[in-house]
Amino acid sequence: MAGVIEVTDATFDAEVLQSSEPVLVDFWATWCAPCKAIAPVVDQLAEKYAGQVKFVKMNSDDNPRTPARYNIRSLPTLLVFKGGEIVRQQIGAAPAQKIEGLVQGLS
């Protein structure tokens with residue numbers, strides 16, 4: 001399935017922790033300019049890695065439990081999960097190459 005999926009506190013475990021494929025989670029907020037800056041990159045990577053890596057977004061303001069659970073203190077934060085565990089992370093905006101590096105070689 002291509003594209004970025006919106007997840008909530010209620011759907012996070014099923015969509016991310018129980019996923020059979022690696023998952024990049026983009027923690028963001030509507031007021032966050034750097035979040036908006038990287039959103040097109042995340043969208044492009046979701047298309048490029050469709051079927052290999054799942055891409056999801058979580059609005060941290062609307063879903064406070066999960067960001068608190070993972071100690072998210074800065075936005076954007078990208079966490080990559082594999083087998084329910086965090087394997088890579090990026091805090092703050094980054095160039096497209098660095099974001100792509102988070103998902104390369106995971107599948």
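This is a short tour of the structure, stop by stop, with something to select at each one.

**Before you start**

The model is predicted, so local features need pLDDT of at least 70 and side-chain atom pairs count only at pLDDT 80 or more, while totals for chains, interfaces and linings use all residues. Residues are numbered from 1 along each chain as its sequence is written, and side-chain values use heavy atoms, with hydrogens and water left out. Helices (H or I, at least four residues) and strands (E, at least two) are DSSP runs, numbered from the N terminus.

**Stop 1: the largest nonpolar core**

Begin by selecting Phe12, Val16, Val25, Phe27, Val56 and Leu75. These are the residues with the most contacts inside the largest nonpolar core, which has 17 residues. A nonpolar core is a set of buried Ala, Val, Leu, Ile, Met, Phe, Trp, Tyr and Cys residues joined through side-chain atoms within 4.5 Å. Buried means under 20% relative accessible area, exposed over 50%, and partly exposed in between, with a 1.4 Å probe and protein chains only.

Now colour helix H1 (12-17) and strands E2 (23-28), E3 (54-59) and E4 (77-82): these elements give two or more residues each to this core. Which strand gives the largest share? It is E2, with four residues.

Next, centre on Phe12. Not counting residues up to four places away in sequence, Phe12 touches Val7, Leu17, Val25, Phe27, Met58, Thr66, Arg69, Tyr70 and Phe81. Contact here means heavy atoms within 4.5 Å.

Apart from this core lies another, of 16 residues, and among them are Ile38, Val53, Ile99 and Val103.

**Stop 2**

Select Thr66, which is found in helix H3. Is this residue buried or exposed? At 2% relative accessibility, Thr66 counts as buried. Leaving aside neighbours within four places in sequence, Thr66 is in contact with Asp9, Phe12, Phe27 and Met58.

**Stop 3: the loop between H3 and E4**

The peptide bond from Leu75 to Pro76 is cis, with omega near -5 degrees. Asn71 lies in the loop between H3 and E4 too. Phi of Asn71 is near 60 degrees, a positive value in a residue other than glycine. For background, most residues other than glycine have a negative phi, and most peptide bonds are trans.

**Stop 4: two helices packed together**

Show helix H2 (residues 33-48) and helix H4 (residues 96-103), which pack at an angle of about 40 degrees with their axes 10 Å apart. That angle makes H2 oblique to H4. Axes are lines fitted to C-alpha atoms, for helices over the stretch in contact, and angles run from 0 to 180 degrees between N-to-C directions. Angles under 35 degrees count as roughly parallel, over 145 as roughly antiparallel, 65 to 115 as roughly perpendicular and the rest as oblique.

To see the contact, pick Ile38, Val41, Leu45 and Lys48 of H2 together with Ala96, Ile99 and Glu100 of H4. By class, the contact of H2 with H4 has five nonpolar, no polar and two charged residues. Here Ala, Val, Leu, Ile, Met, Phe, Trp, Tyr, Cys and Pro count as nonpolar, Asp, Glu, Lys and Arg as charged, and the others, Gly among them, as polar.

Stay on Lys48 in helix H2. At 52% relative accessibility, Lys48 counts as exposed.

**Stop 5: two loop residues**

Go to Ser19, in the loop between H1 and E2. Ser19 is buried, with a relative accessible area of 11%. Not counting residues up to four places away in sequence, Ser19 touches Ala14 and Lys54.

Finish at Thr30, in the loop between E2 and H2. Thr30 counts as partly exposed, at 46% relative accessibility. Not counting residues up to four places away in sequence, Thr30 touches Lys36 and Asn59.
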